[in-house]
Every structure is written in structure tokens, then in C-alpha cells.
Amino acid sequence: MEYLPAIISALGTIIAAWFAYNQYAKNKLTDVKIEKWKQDEENRSLKKVGDLAVIYGELWELLHTLRADRVYLIQPHPLVNHQFISISLEVKRKGVSAMKDSIQAMPMGEVAFFVKQLATEDWQFYTDIDTNVVDKKAKAIMNIHGTEAVAIRKLVNHRNEWVGSLFVESANEQLFLCENLEQITAEAANSIQFILPPLTTESV
């Protein structure tokens, strides 16, 4: 019995050391997880920047190749429960008004028929906005911005779900007399759609 206090003390020291080591190991594991998360976030951020550069390059190429006045992307959001549409990216010729200010967080219900067409039709090409565009609000917005002709290409993800639409617009329908228009926009859409970042609250 005379050794009992020493044994208890030794056991206490061992247990305390074990807890200290266990906590140290947990802290190190947490540090590793935090560092991995930071690295993953940095990699994702770099990839997003690279993807956006590629997308902007495609939009600018369409603008000049097709001699268009305005090229932009409309995307539905939020990601899980689409309720709105917004223009995420836009390029335009100098002196041409931006469409982005007119289509930001627009409720889908305000342009319901037009959104249905965007989500279901792979390809649309209108050379007479007043006659071809049925949705009154969509028509009014295009008329205000001087749109005479528009080519629209549906964008999908890997699950073939609608993630946005590519718009190529001109104030002069003659500029769209390009026999390869459908193919050119299809190739651009294919380069864009699988790397297109979803719209978030911060980016709208």
C-alpha cells in the first residue's frame, strides 16, 4: 500500500500526457485540414479566374467574328431553386448600351414565356424582334436597347440541365448574314457551358 500514492501519481502523469498528446494530435489534424481547405479554396479561385478568362475570350471572339454589337450570358439563379435571371458577363462595342443594367435579378415570372424558350430551345435566331419575340417585356427590353437581330444558344451542364443562355445581338440584321452562325455559336457554347460558374448572391 505504501507504493499506492506513487502509482496513482504515475498513472495521473501518464493519463495527463496521453490527453495532452491526444489534444496535440487533434490540433495538428485540424491544422492540416484547415491548410488543405485553404489550398483547395485557392485552387478553386485560380480555376475560376482562368475559366472566366476563357469565357470572356469566347465572348470577345464572337463579338468581332460575327461583327455583333453586344454579346452576353444570361443565367438563372439561385443554383438550387431558380427564381431569377441575370446577365453575368457581357462584352459590347464602344458606344453601345449595356444590357446588363436591364436584366439583373429579374423574376422569371415577369418574362415567363421567354424563360421557357431559353430553357427548352437549343437554338433561336430572330431577325425581326417585333415579329419574332412573343414575350412583351423581353421584346420591350430589346427594343429599348436597339436590338434588331439576336442569336440565342442554350447552355447546359454535364447533366444536360439548363445553366444559362448565350446571346449575340446586333443593331443591324445585315451583320448576321453569316452562313456559319449556328455552328460558330454552338462551338462557343460548348467551350463555355461546362466551365460557367454558377451565379451567387455576391455576383449578381
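These are my notebook entries on what I looked up in this structure, which is a predicted model.

**Entry 1: the chain as a whole**

I began with the secondary structure, and I found that the chain comes to five helices and six strands. Reading along the sequence, I wrote down the pattern α-β-β-β-α-β-α-α-β-β-α. I then looked up burial, and buried residues make up 35% of the 204 residues in the chain.

**Entry 2: salt bridges**

I looked next for salt bridges, and the count comes to four.

I started with Arg70, which forms a salt bridge with Glu169, and the closest N and O atoms of this pair are 2.5 Å apart. The pair links distant parts of the chain, since Arg70 belongs to strand 1 (residues 70-77) and Glu169 to strand 6 (residues 162-170), 99 residues apart. Are the two partners buried or exposed? Arg70 counts as buried because its relative accessibility is 3%, and Glu169 is buried as well, with a relative accessible area of 1%; the cut-off I used for buried is under 20%.

I then turned to Glu110, whose salt bridge with Lys137 has its closest N and O atoms 2.5 Å apart. Glu110 lies in the loop between strand 3 (106-107) and helix 2 (112-120), while Lys137 lies in helix 4 (residues 136-144), so the pair ties together parts that are 27 residues apart in sequence. I looked up the accessibility of both residues, and Glu110 counts as partly exposed at 40%, as does Lys137 at 34%.

I also wrote down the salt bridge in which the side chains of Arg159 and Glu161 meet, at 3.1 Å from N to O. Here Arg159 counts as exposed, with 63% relative accessibility, whereas Glu161 counts as partly exposed, with 37%.

I wanted to know how the buried residues are placed around two of the helices. In helix 2, the buried residues are Phe114, Val115, Gln117 and Leu118. They cover an arc of only 155° around the axis, and therefore they sit on the same side of helix 2. The face of helix 2 turned away from this buried side carries the exposed residues Lys116 and Thr120.

Helix 5 (residues 181-193) has 13 residues, and from its first C-alpha to its last I noted a reach of 18 Å, close to the 18 Å expected at 1.5 Å a residue. Which residues of helix 5 are buried? I listed Leu181, Thr185, Ala188, Ala189, Ile192 and Gln193. Viewed down the axis of helix 5, these buried residues fall within an arc of 120°, so they line one face of the helix. As a reminder to myself, an α-helix has 3.6 residues a turn, so residues three or four places apart point the same way.

**Entry 3: the largest pocket**

I looked up the largest pocket, which has a volume of about 350 Å³. Its lining holds 19 residues, and Leu79, Asn157, Val163, Leu196 and Pro198 are those that lie nearest its centre. The elements that give two or more residues to this lining are strand 1 and strand 6, and strand 1 gives the most, with three residues. By residue type, I recorded that the lining of the largest pocket divides into 11 nonpolar, six polar and two charged residues.

**Entry 4: the cavity**

How many cavities of 30 Å³ or more are there? I found one cavity of that kind, and the largest cavity has a volume of about 100 Å³. It is lined by 13 residues, of which Ile74, Ile103, Phe114, Ala138 and Ile141 lie nearest its centre; Phe114 is also one of the buried residues of helix 2. Strand 1, helix 4 and strand 6 each supply at least two residues of the lining of the largest cavity, and helix 4 gives the most, with three residues.

Note on methods: Residues are numbered from 1 along each chain as its sequence is written. This is a predicted model: local features need pLDDT of at least 70, side-chain atom pairs count only at pLDDT 80 or more; totals for chains, interfaces and linings use all residues. Side-chain values use heavy atoms; hydrogens and water are left out. Helices (H or I, at least four residues) and strands (E, at least two) are DSSP runs, numbered from the N terminus. Buried means under 20% relative accessible area, exposed over 50%, partly exposed in between (1.4 Å probe, protein chains only). The expected span of a helix is 1.5 Å times one less than its number of residues. The arc is that of the directions from the helix axis to the C-beta atoms. On a 1 Å grid over the protein atoms alone, a cavity is a set of points where a 1.4 Å probe fits but cannot get out, and a pocket is an open set with protein on both sides within 12 Å along at least five of seven lines; lining residues have an atom within 4 Å of a point. Grid points are joined across faces, edges and corners, and a volume is the space filled by probe spheres set on the points. Ala, Val, Leu, Ile, Met, Phe, Trp, Tyr, Cys and Pro count as nonpolar, Asp, Glu, Lys and Arg as charged, and the others, Gly among them, as polar.
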